[in-house]
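Please read it alongside the sequence and the model.

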Amino acid sequence: MSSQRNIFGEKFVLRLLKKNADVQELFELGFPNDEKLVTDSFDKRNSVTIIAAPTGEGKTTTLYSVIQKLNDPGINITTIEEPVEIRIPGLNQIEIDAKTDFIDSLRTVLRQDPDIILVGEIRDKETAEIAMQAGQTGHYVLSTIHTIDAIEVITRLRKMGVSNYDMSSTIATTVSQRLVRRLCKNCARERDFTEKEKNFINSIGEKYNVKFDLAGKKTFDNVGCDKCNGVGYYGRIGIFEILILDEKIRELISQGESTLKIKEQAMQGNYKPLIVDGINKVLDGITNLDELNRKLRIY
Ligand SMILES: [Zn+2]
């Protein structure tokens, strides 16, 4: 534990390199290009933001991009990870390899009073409760959890044994994401949407109260060329959903209401499920419905 003593011995001020090769800008990752949404989603104090997705969907990368976005000289950011997935110069990153160390590290970090704490993953009741506690005592906590979407975070935390009170009073935002393949720009073949595809997109729009503008929009088939190894896709981009916990949603959580009810309420507000951002990216020609279907099983 000597390395931990060294780490905790000083007060750390984070200065992330503006252009770190491993940390992409949030918008480049596919986060909806809306500064206000970013501010509403992440610029909080006294709260917890959780990024939720299955393994391998880019949660950690998003987490670091958010940190980069929030970074400011004088802001003190500490991360506790298991293991450290991306090394960033200037960041106080603590790597732990056993559960007890994780809890101890988190408690020690809290005494150091950083502004922002990045907790690699909430995986059990104990880490969840300490993260909540940190969020209630002046810190901004960013973490990830393994669930299918932003709403299911509530179910998962309930199952871990986190109280409705702690959740409703502490969680500010939950974000979920998936990585979809980008069309290869070198070989994508442009065509009109079929009537069936248009009807499908409009039906999603109606279901989630979104107006998709199909006028003059084309789509692309993945073809395949040398550049993309014959698959027609090259690189990946995130599709996102964001649940900002407003008063009404907090009330439902604190009353122990079902996630179905919470989802209904969320739909009345700004919450739009993953498929909505996915379709926006299809309409922007970044990916296509086939890829969205492969990822989300939309049909
Ligand atoms: Zn290609």
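Buried means under 20% relative accessible area, exposed over 50%, and partly exposed in between, with a 1.4 Å probe and protein chains only. The model is a predicted one, in which local features need pLDDT of at least 70 and side-chain atom pairs count only at pLDDT 80 or more, while totals for chains, interfaces and linings use all residues. Residues are numbered from 1 along each chain as its sequence is written, and side-chain values use heavy atoms, with hydrogens and water left out.

1. Cys184 and Cys228 are both buried. The ideal angle for four tetrahedral donors is 109.5 degrees.

2. Cys184 belongs to the loop between strand 6 (171–183) and strand 7 (189–192), and Cys228 to the loop between strand 8 (218–221) and strand 9 (233–244), so the pair ties together parts 44 residues apart in sequence. Helices (H or I, at least four residues) and strands (E, at least two) are DSSP runs, numbered from the N terminus.

3. Ser143. This residue is part of strand 5 (residues 140–145). Ser143 is buried because its relative accessible area is 0%. A polar atom of the Ser143 side chain lies 2.6 Å from the backbone oxygen of Val119 and 3.5 Å from the backbone nitrogen of Ile122. A polar contact is a pair of N or O atoms within 3.5 Å; within protein, one must be able to donate a hydrogen and the other to accept it, and residues adjacent in sequence count only if both atoms are side-chain atoms. Apart from neighbours within four places in sequence, the contacts of Ser143 include Thr49, Ile50, Ile51 and Leu63. Contact means heavy atoms within 4.5 Å.

4. Ser176 lies in strand 6 and is buried, with a relative accessible area of 0%. A polar atom of the Ser176 side chain is 3.5 Å from the backbone oxygen of Ile148. Between Ser176 and Asp113 there are 28 Å in space, C-alpha to C-alpha, and the two are 63 residues apart in sequence. Asp113 sits in the loop between helix 4 (99–112) and strand 4 (116–119), and it has a positive phi of about 60° although it is not a glycine. Asp113 counts as partly exposed, at 47% relative accessibility.

5. Helix packing. Helix 9 (residues 247–254) and helix 10 (residues 259–268) pack at about 175°, with axes 10 Å apart. Helix 9 is therefore roughly antiparallel to helix 10. Axes are lines fitted to C-alpha atoms, for helices over the stretch in contact, and angles run from 0 to 180 degrees between N-to-C directions; angles over 145 degrees count as roughly antiparallel. Lys248, Ile249, Leu252 and Ile253 of helix 9 make the contact with Lys261, Ile262, Gln265 and Ala266 of helix 10.

6. Lys281. Helix 11 (residues 274–283) contains Lys281, which counts as buried at 6% relative accessibility.

Terms used:
Parallel < 35°, antiparallel > 145°, perpendicular 65-115°, else oblique.
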